[in-house]
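Hi everyone, thanks for coming. Please have a look at the model on the screen while I talk.

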Amino acid sequence: MANYLIKRILMLIPLLLGITLITFTVIHLAPGEPVEMQTAMSPKASAASRARLREFYGLDKPLPVQYGMWLSNLSRLDFGRSFAPDNRPVLDKIKERIPITISLNVIALILEFGLALPIGIMAAVHRDTLLDRAISVFVFVGFAVPTFWLALLCMYLFGVKLAWLPISGIHSLGSDQWSFFWRSADLARHLVLPIAIATFGSLAGLSRYMRSTMIEVLSQDYITTARAKGVRERVVIYRHALKNALLPVITLLGFSLPALIGGSVIFETIFSIPGMGQLFYQGVMARDYPLVMGILVIGACLTLIGNLLADLCYALADPRIRHGRG
């Protein structure tokens, strides 16, 4: 197992370098440049001032040189300074925003798996019944409805029309003067819509996936044998079938790690939540290369770690994988 783990970790290094190289090239080839974005609305900006800004940001150097300098800084865990007017370190900006995004997405992930797995199991156990068809309709609606459109509808209905929930930010004005209980209640009210939208966006696909894997497991011979021996149906489903049906879900759980950061761009922007998703969107719009690269590197690392954890879980579950025979 140790040799398998070492080989998998060593494979991550060239993968990460390849991801950063492609990403760095693509964002620099995108139309617009930070200097242009900053001076476009300033009629007093001369060609000389633009040239000084390009030199200050290091944009006057060839692209391979820029990538080498960025990679050298990254090796020291230095993401550089933002191209925004505040010129703050990228790492400081990320540290400010990342707790909000991770908290939101962890809650959404728990709700997603907590709801999708029972829904998928019910649909598989009651296959081709009215309940299964009703769940299928719900799933197809979840696939078809765009997340941003659903968010806008919910904002209008629950925030504007009914005035039940706030539609932007995570705190009400003046809430810092309130007691801890009322501040917590206010935070919860602000997070109801974003978390619900984030959960619904992934609930449909995961429940359908759980249904298909559960149906496949329930058709196996050992399930038929257990039923023939008179084992209770509840024991057959939750003790024998469920354990094996959950193995493919391990992969989805591993892929959910990068979504803790990268999956919140839409609803954080729509609901004006000061998290990593909103920060990433602002960085892309301003062509803030160091900020965009910093967030993308963290997302890439989470993706590779998620894949590694999924592979390790599979290796623990199936000895043929870690011994190179599967």
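This is a predicted model: local features need pLDDT of at least 70, side-chain atom pairs count only at pLDDT 80 or more; totals for chains, interfaces and linings use all residues.

Residues are numbered from 1 along each chain as its sequence is written, and side-chain values use heavy atoms, with hydrogens and water left out.

The chain has 15 helices and zero strands; these are DSSP runs, with helices (H or I) of at least four residues and strands (E) of at least two, numbered from the N terminus. Of its 326 residues, 37% count as buried. Buried means under 20% relative accessible area, exposed over 50%, and partly exposed in between, with a 1.4 Å probe and protein chains only.

Now, helix H4, residues 63-75. Which residues of H4 are buried? They are Gln-66, Tyr-67, Trp-70 and Leu-74. Seen down the axis of H4, these buried residues fall within an arc of 95 degrees (taken from the directions from the helix axis to the C-beta atoms), so they line one face of the helix. Here is the handy background: an α-helix has 3.6 residues a turn, so residues three or four places apart point the same way. The face of H4 turned away from the buried side carries the exposed residues Pro-64 and Ser-75. Just after H4, Leu-77 takes a positive phi of about 60 degrees.

Last stop, helix H7, residues 147-161. Leu-152 sits in H7 and is partly exposed, with a relative accessible area of 46%.
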